[in-house]
Amino acid sequence: MQGASNARPFVALCLVAAATSAWAQQRPAPAPMVHASSPDVSPDGRQIVFFSDAADTSRLYVMNADGSGVRLLPGTAGVVGRPYWLPDGRGILGTLRTADTAVVMLFSPDGKPSTSLGRVVGRGAGTPFPDASRFVSGVGSWREMQLESVKLDGTGRIRLTADHAAYWCPRVSPSGDQIAVGRRDSSGMQIWTMASDGSGAHAVTHFTRAEGAPQCPSWSRDGRRLAVQVDARLAADTTRTTGHIWIVDLGTGRMTQLAKHETPYHDELPVWFPDGRRIAFASDRTGSLEVWSMNIDGSDARLLTRGVPLRIRGVHSF
């Protein structure tokens with residue numbers, strides 16, 4: 001969180017302003033980004049929030065949808081996990097975690113002071129319902145992580161799953177009545193959906209082990225499709241892996257692989273633009289993990305986070 005100025009008060013307002021300005025200019029700039037990941041698109045499709053870490057800590061940044069205008073979100077030092085843009089556009093949710101407890105924060109895309117919304121327990125805390133009234137949290141060991149729904153004050157905990165599988169990267173549908181999640185058991189990894197109370201759970205993908213392990217689903221705005229990342233071993237060299245984005249049509253069961261390649265880079269963590277025509281995602285295609293966008297048929301891939309002032313080490317334009 002941002003610290004408060006320790007400048008001594010002065011009688012003259014102009015001296016107070018001057019002292020505050022001088023203090024702000026002397027503050028050490030945050031370390032430059034190491035990589036960019038975990039994008040989420042604003043409800044109007046004009047902005048993208050993303051996660052980046054550096055030598056000192058992790059932070060959130062916001063940029064225009066074309067990659068211009070990158071700016072640091074104040075108060076986000078130490079944020080963990082994926083950021084989520086609230087459907088009404090009023091803010092971005094992120095979590096600050098210690099051990100198995102997460103403080104849920106509301107960050108303003110305009111740089112206004114952040115607000116603490118509550119504290120929840122769970123390894124996977126930070127996956128909100130659309131109205132941010134509840135979160136889906138992962139609880140238990142990593143090998144058998146189960147899902148719970150919990151209010152922001154930590155009360156009203158509802159166990160959604162209870163088996164010997166492990167559930168990863170849940171995402172609540174735009175309508176708030178469905179949850180998509182990666183589920184791993186002895187047979188492998190698949191994407192499952194369930195009602196928001198945990199009922200009706202079933203697999204919606206059927207990948208073979210050779211095709212890979214799907215995870216990190218993202219709902220289209222109309223709730224009819226999922227974008228998922230699928231990691232697999234290369235056929236030519238099984239010691240190396242690659243990653244693709246797939247689109248899953250929930251009505252027909254059709255699964256479509258985007259931008260097929262046979263090189264050991266990874267496209268991952270997809271999210272939809274509101275119009276359903278493009279997705280934003282993270283990829284290490286260039287050798288460094290960056291935020292990209294592409295059409296939902298895999299065409300017109302655009303690199304968004306390289307070449308902006310933020311990428312120049314030692315230079316900070318915010």
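The numbered points below go from the whole chain to single residues.

1. A word on the ground rules. This is a predicted model, in which local features need pLDDT of at least 70 and side-chain atom pairs count only at pLDDT 80 or more, while totals for chains, interfaces and linings use all residues. Residues are numbered from 1 along each chain as its sequence is written, and side-chain values use heavy atoms, with hydrogens and water left out.

2. The chain as a whole. The protein chain has 1 helix and 24 strands; helices (H or I, at least four residues) and strands (E, at least two) are DSSP runs, numbered from the N terminus. Of its 318 residues, 49% are buried. Here buried means under 20% relative accessible area, exposed means over 50%, and partly exposed lies in between, with a 1.4 Å probe and protein chains only. The accessible surface comes to about 15,100 Å², and 52% of that belongs to carbon and sulfur atoms; these areas come from the Shrake-Rupley method with a 1.4 Å probe, and for residues only the protein chains shown count as cover. Among contacts (heavy atoms within 4.5 Å) between residues at least 6 apart in sequence, 36% join residues at least 24 apart.

3. Strand β1 (residues 35–41) has 6 of its 7 residues buried, so it is largely enclosed by the rest of the structure. It runs antiparallel to strand β2 (residues 47–53), with 5 bridges joining the two; strands count as paired if DSSP finds at least two bridges between them.

4. The nonpolar cores. A nonpolar core is a set of buried Ala, Val, Leu, Ile, Met, Phe, Trp, Tyr and Cys residues joined through side-chain atoms within 4.5 Å. The largest has 13 residues, and V41, I48, F50, M63, F273, A280 and V291 touch the most other members. Strands β1, β2 and β3 (58–64) each supply at least two residues of this core. A second, separate core of 12 residues includes V62, V79, L96 and M105. As background, nonpolar side chains tend to be buried together in soluble globular proteins.

5. A280 close up. Not counting residues up to four places away in sequence, A280 touches P39, V41, I48, L269, P270, V271, F273, W292 and S293.

6. The sheet β17 to β20. Four strands form an open, antiparallel sheet in the order β17-β18-β19-β20. Its edge strands, β17 (213–219) and β20 (255–258), each pair on one side only. Inside the sheet, 9 bridges join β18 (residues 225–233) to the antiparallel β19 (residues 241–249), and V228 stands opposite W246 in β19.

7. The sheet β21 to β24. This is an open sheet of 4 strands in the order β21-β22-β23-β24, with antiparallel pairing. At its edges, β21 (267–272) and β24 (302–303) have a single partner strand each, so one side of each is left without a neighbour in the sheet. Strands β22 (residues 278–283) and β23 (residues 290–295) pair over 6 bridges, with A282 opposite V291 in β23.

8. The cysteines. Which cysteine sulfur is closest to that of C169? It is the one in C216, at 3.1 Å, too far for a bond. A disulfide is a pair of cysteine sulfur atoms within 2.5 Å, and the structure holds 0 of them. C169 is partly exposed, with a relative accessible area of 29%, whereas C216 counts as buried at 4%.

9. Two loop residues. Leaving aside neighbours within four places in sequence, S220 is in contact with P174, R225 and W272. Its C-alpha is 7.6 Å from that of P274, 54 residues apart in sequence. P113, in the loop between β7 (101–107) and β8 (115–121), is exposed with a relative accessible area of 73%. The C-alpha atoms of P113 and L73 are separated by 9.6 Å, with the two residues 40 apart along the chain.
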